[in-house]
Amino acid sequence: MVRRRLVIHGRVQGVFFRDTLRTLAEGNEVAGWARNTPEGTVEAVLEGDEPAVARLSAFARKGPEGARVERVDENGEQPEGVNGFAIR
């Protein structure tokens, strides 16, 4: 079990980024949350098996159609055992 916090920079708000991330998280049994920030980024916390979290992290570096990801800041954190995936 791993936990990663991502901050995704670029044109990432208003392009269904959070909802697509939620759908992928649920399909990969990854828990956590995603939110838009006042700075115009999307912040996400992903918690689950290493390969599943890595798949979502790879998606975050590309984003859904219409997004333009400039960079992703990624940091590891201590897993908290969260359940489900929320859009905040």
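Predicted model: local features only at pLDDT ≥ 70, side-chain atom pairs only at ≥ 80, totals over all residues.

Author: Residues are numbered from 1 along each chain as its sequence is written, and side-chain values use heavy atoms, with hydrogens and water left out.

Reader: Is the pair of F17 and F59 stacked, edge-to-face or tilted?

Author: Rings of Phe, Tyr and Trp (its six-membered ring) pair if their centres lie within 6.5 Å, and planes under 30 degrees apart count as stacked, over 60 as edge-to-face and the rest as tilted. By this rule there is one aromatic pair. The ring centres of F17 and F59 are 5.7 Å apart and their planes stand at 50°, so the pair is tilted.

Reader: How many residues apart in sequence are the parts that this pair ties together?

Author: Helices (H or I, at least four residues) and strands (E, at least two) are DSSP runs, numbered from the N terminus. F17 belongs to helix α1 (residues 17-27) and F59 to helix α2 (residues 50-60), so the parts tied together are apart in sequence by 42 residues.

Reader: Is F17 buried or exposed?

Author: Buried means under 20% relative accessible area, exposed over 50%, and partly exposed in between (1.4 Å probe, protein chains only). F59, with a relative accessible area of 15%, is buried. F17 has a relative accessibility of 1%, and therefore F17 also counts as buried.

Reader: Are α1 and α2 roughly parallel or roughly antiparallel to each other?

Author: Axes are lines fitted to C-alpha atoms, for helices over the stretch in contact, with angles from 0 to 180 degrees between N-to-C directions. The axes of α1 and α2 come within 10 Å and cross at roughly 160°. Angles under 35 degrees count as roughly parallel, over 145 as roughly antiparallel, 65 to 115 as roughly perpendicular and the rest as oblique. The two helices, α1 and α2, are therefore roughly antiparallel.

Reader: Which residues is G76 in contact with, leaving aside its neighbours within four places in sequence?

Author: G76 sits in strand β4 (residues 68-77) and is exposed, with a relative accessible area of 56%. Contact means heavy atoms within 4.5 Å. Leaving aside neighbours within four places in sequence, the residues in contact with G76 are R3 and R4.
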